[in-house]
Structure formats: structure tokens, C-alpha cells
Amino acid sequence: MRTPINWHKKHAAKLSFGNRLADAVANGMGSWKFIILQTVLVVLWMFLNIIGYTYHWDVYPFILLNLLFSTQAAYAAPIIMMAQNRQNERDREHAEADYQTNIDAKLEIEALTLKLNSIEVEKLDKIIILLQELKNSSMK
């Protein structure tokens, strides 16, 4: 039996390499692992530049570090916005799939209701016929 392709697989299949990369970067930057790693690197950077005995490549007030953060933010913001736009698109496709499922279920329920009503009417007709036959046989 073949499994149908759901909305998520269809959406994932049409993503380009750039879209998948942007999603991966946004997921990575939105994690505790990234925050902890970046905090460790910043503390290490500052420690080595304040305590460093022979070579200070970025002396206080850490202008190079600020430049690196600015560059990171300049690239991170549009990448995160692209990922959010795709999330909105995924949510829209999911809502459309849910809506279509609800419509299909409604049509199926209506068809079942009609079938049950016709069965009920047939049963009632048979009961009426049986009662009339019973009445006719008791009158003879």
C-alpha cells in the first residue's frame, strides 16, 4: 500500500539549497547550544585581550569584537526573516490541507447520513408492510 505524500513532505521537497541552508542557520542560531558557545567565545576573547601578556589583537573597548557582532547581526536578521517567511508559508499550506480534510470529512459524513436515512426509511417501509400484512391476515 502506497503512503500518500503529506503537505510537509511536499513543502520540503520544493525547498532550494539556499532555503534549507537558511533554515539550518536560523535553527542553529536559535538554540541554547549557539548562545552558550558564543558566550564562551566572547568571554575567552575578552579574557585573552585583557590578560594577554604579549599580544592584544583587540584592546578594550573591543572594537573588532563589536564589528564581528555587527556583521553577524547583519547576516542573521535576513536569514532568520527568510526562515520565518517559510514558516508562515508552511503554516498556510498546513491550514489549507486541514481545511481540505475538513471539507472531505464533511462530505463523507453527509453521504453517510443520507445512506443511514435511506436505510431507516427502507426499514420503516418494511415494518409498515409487515404490519399491514399482519393486520390483513388477522382480519381473515
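This is a predicted model: local features need pLDDT of at least 70, side-chain atom pairs count only at pLDDT 80 or more; totals for chains, interfaces and linings use all residues.
Trainee: Let's start with the helices. At what angle do the axes of α3 and α4 cross?

Mentor: Begin with the angle, then ask what orientation it stands for. Helix α3 covers residues 32–51 and helix α4 covers residues 63–139; their axes cross at roughly 160° and come within 11 Å. Angles over 145 degrees count as roughly antiparallel, and α3 and α4 are therefore roughly antiparallel to each other. The handedness of this crossing is right-handed.

Trainee: Which residues in α3 and α4 meet?

Mentor: From α3 come F34, Q38, V42, W45 and M46, and they meet L64, L65, L68, F69 and Q72 in α4. Sorted by class, the residues of this contact are eight nonpolar and two polar, with no charged ones.

Trainee: Now for α2. How do α2 and α4 lie relative to each other, roughly parallel or roughly perpendicular?

Mentor: Use the angle again. Helix α2, residues 17–29, packs with α4 at about 110°, and the two axes are 8 Å apart. The range 65 to 115 degrees counts as roughly perpendicular, so that is how α2 and α4 are placed. Here the crossing is left-handed.

Trainee: What do the residues of the contact of α2 with α4 divide into?

Mentor: First, the members. N19, A22, D23, V25, A26 and M29 in α2 meet Q72, A76, I79, I80, M82, A83, R86 and R90 in α4. They divide into nine nonpolar, two polar and three charged residues. Notice Q72, which is also among the α4 residues that meet α3.

Trainee: Let's turn to the pocket. How much space lies in the largest pocket, and which residues line it?

Mentor: With a pocket, take the volume, then the lining, then where the lining comes from. The largest pocket holds about 160 Å³ of space. Its lining is made of F34, L37, Q38, L41, V42, W45, L65, L68, F69 and Q72. The classes in the lining are eight nonpolar, two polar and no charged.

Trainee: What is the phi of F62?

Mentor: F62 has a positive phi of about 60°, although it is not a glycine. F62 also sits in the loop between α3 and α4.

Definitions and conventions:
Residues are numbered from 1 along each chain as its sequence is written. Side-chain values use heavy atoms; hydrogens and water are left out. Axes are lines fitted to C-alpha atoms, for helices over the stretch in contact, and angles run from 0 to 180 degrees between N-to-C directions. Helices (H or I, at least four residues) and strands (E, at least two) are DSSP runs, numbered from the N terminus. Angles under 35 degrees count as roughly parallel, over 145 as roughly antiparallel, 65 to 115 as roughly perpendicular and the rest as oblique. A crossing is left-handed if the near helix is turned anticlockwise from the far one by less than a right angle, and right-handed if clockwise. Contact means heavy atoms within 4.5 Å. Ala, Val, Leu, Ile, Met, Phe, Trp, Tyr, Cys and Pro count as nonpolar, Asp, Glu, Lys and Arg as charged, and the others, Gly among them, as polar. On a 1 Å grid over the protein atoms alone, a cavity is a set of points where a 1.4 Å probe fits but cannot get out, and a pocket is an open set with protein on both sides within 12 Å along at least five of seven lines; lining residues have an atom within 4 Å of a point. Grid points are joined across faces, edges and corners, and a volume is the space filled by probe spheres set on the points.
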